[in-house]
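Work through the exercises below with the sequence and the structure open. Try each task before you read its solution.

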Amino acid sequence: PVVTFYVLKDGGELYLIDTGFVSAQRLLRRALHRQGWDRLPVRGILLTHGHLDHALNAVPFARQFNAWIAGPRLDADHYLGKARNRGPGQVADILESIGRPLLRYRRFTPDRLLDSGDELPVWGGLRVVHLPGHTAGHCGFYCPRRKWLFSGDLFNSYTAFQIPPPDIFNSFPQQVPAAIASALTLDLAGVLPAHGDSSPPAIHLERLRRLNRSLAG
């Protein structure tokens, strides 16, 4: 799957939000070179959840950069490759059970387990916002200073469509509409999704609002 992960520059240090999928190492190297950040240390990795397309490179990056890993506490089984879903989400279990050995996934326990409301001293302060449904622990990272929300897999945001993640990828699909509505109670100027096009954060926010209206009926 096409997944976006983010690099935050905080003074002379870098932090990653999620770690991307199969081409992530090459993409990160290219992006850091383009920005002139390739000599800056990566200090930390913040995971929105434990799905393979977000956490595949957590251990390789942590070892490469000597960085810590933080991720939502309720996704602990995902990091260890032990998550089990019911209903349509079992499809995601099957796909991940195939993908982990093929992609040489390395199981881990984060250095810090995150709970909703936790504050991280990154980018002037990032707040952990619990947005469950996609997984039990799925979260976003909210920056009050910029009024931006890194929304993980809360929704897919493209010009042609804005939709929640398909039920086959969700642990608790019935919780997703409430998570979307909850995200929109934040004081927001923009949203940065993990699955979306290159539109500005303000455009992604408007799409999320539109999706919320459609789900509310």
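The exercises cover a sheet, a helix, a hairpin and a pair of rings.

The model is predicted: local features need pLDDT of at least 70, side-chain atom pairs count only at pLDDT 80 or more, and totals for chains, interfaces and linings use all residues. Residues are numbered from 1 along each chain as its sequence is written, and side-chain values use heavy atoms, with hydrogens and water left out.

**Exercise 1. State the strand order of the open sheet of 5 strands and find its edge strands.**

Step 1. Helices (H or I, at least four residues) and strands (E, at least two) are DSSP runs, numbered from the N terminus. Two strands pair if DSSP finds at least two bridges between them.
Step 2. The order is S1-S2-S3-S4-S5, and the pairing is mixed.
Step 3. Strand S1 (6–10) and strand S5 (112–114) each pair on one side only, which makes them the edge strands.
Step 4. From one strand to the next, the twist averages 20 degrees.
Step 5. Within this sheet, S3 and S4 are parallel and share 3 bridges. Isoleucine 45 is found opposite isoleucine 69 in S4.

**Exercise 2. Describe how helix H3 (residues 58–65) is covered and how H1 meets H3.**

Step 1. Buried means under 20% relative accessible area, exposed over 50% and partly exposed in between (1.4 Å probe, protein chains only). In H3 the buried residues are Ala58, Val59, Pro60, Phe61 and Ala62.
Step 2. Contact means heavy atoms within 4.5 Å. The cover of these buried residues includes strand S2 (13–17), helix H1 (24–35), strand S3 (42–46), helix H2 (52–55) and strand S4 (68–72).
Step 3. Axes are lines fitted to C-alpha atoms, for helices over the stretch in contact, and angles run from 0 to 180 degrees between N-to-C directions. The axes of H1 and H3 come within 11 Å and cross at roughly 45 degrees.
Step 4. Angles under 35 degrees count as roughly parallel, over 145 as roughly antiparallel, 65 to 115 as roughly perpendicular and the rest as oblique. H1 and H3 are therefore oblique to each other.
Step 5. On the H1 side the contact has Ala24, Gln25 and Leu28; on the H3 side it has Pro60, Phe61, Gln64 and Phe65.
Step 6. Just after H3, asparagine 66 has a positive phi of about 55 degrees.

**Exercise 3. Is strand S8 (residues 139–143) enclosed or open, and which strands pair with it?**

Step 1. In S8, 5 of the 5 residues are buried, so the strand is largely enclosed by the rest of the structure.
Step 2. Cys139, Phe141 and Cys143 point one way, Gly140 and Tyr142 the other. In a regular strand the side chains alternate between the two faces of the sheet.
Step 3. Strand S7 (residues 126–130) runs antiparallel to S8, with 4 bridges joining them. Valine 129 has glycine 140 as its bridge partner.
Step 4. S8 also pairs with strand S9 (residues 148–157), in the antiparallel sense over 3 bridges. Here phenylalanine 141 is partnered by phenylalanine 150.
Step 5. S8 and S9 form a hairpin with 4 residues between them, and lysine 147 in the turn has a positive phi of about 60 degrees.

**Exercise 4. Classify the ring pair of tyrosine 15 and tryptophan 68.**

Step 1. Rings of Phe, Tyr and Trp (its six-membered ring) pair if their centres lie within 6.5 Å; planes under 30 degrees apart count as stacked, over 60 as edge-to-face and the rest as tilted. The count comes to 9 aromatic pairs.
Step 2. For tyrosine 15 and tryptophan 68 the ring centres are 6.0 Å apart and the planes are at 45 degrees, so the pair is tilted.
Step 3. Tyrosine 15 is buried, at a relative accessible area of 8%, whereas tryptophan 68 is partly exposed, at 30%.
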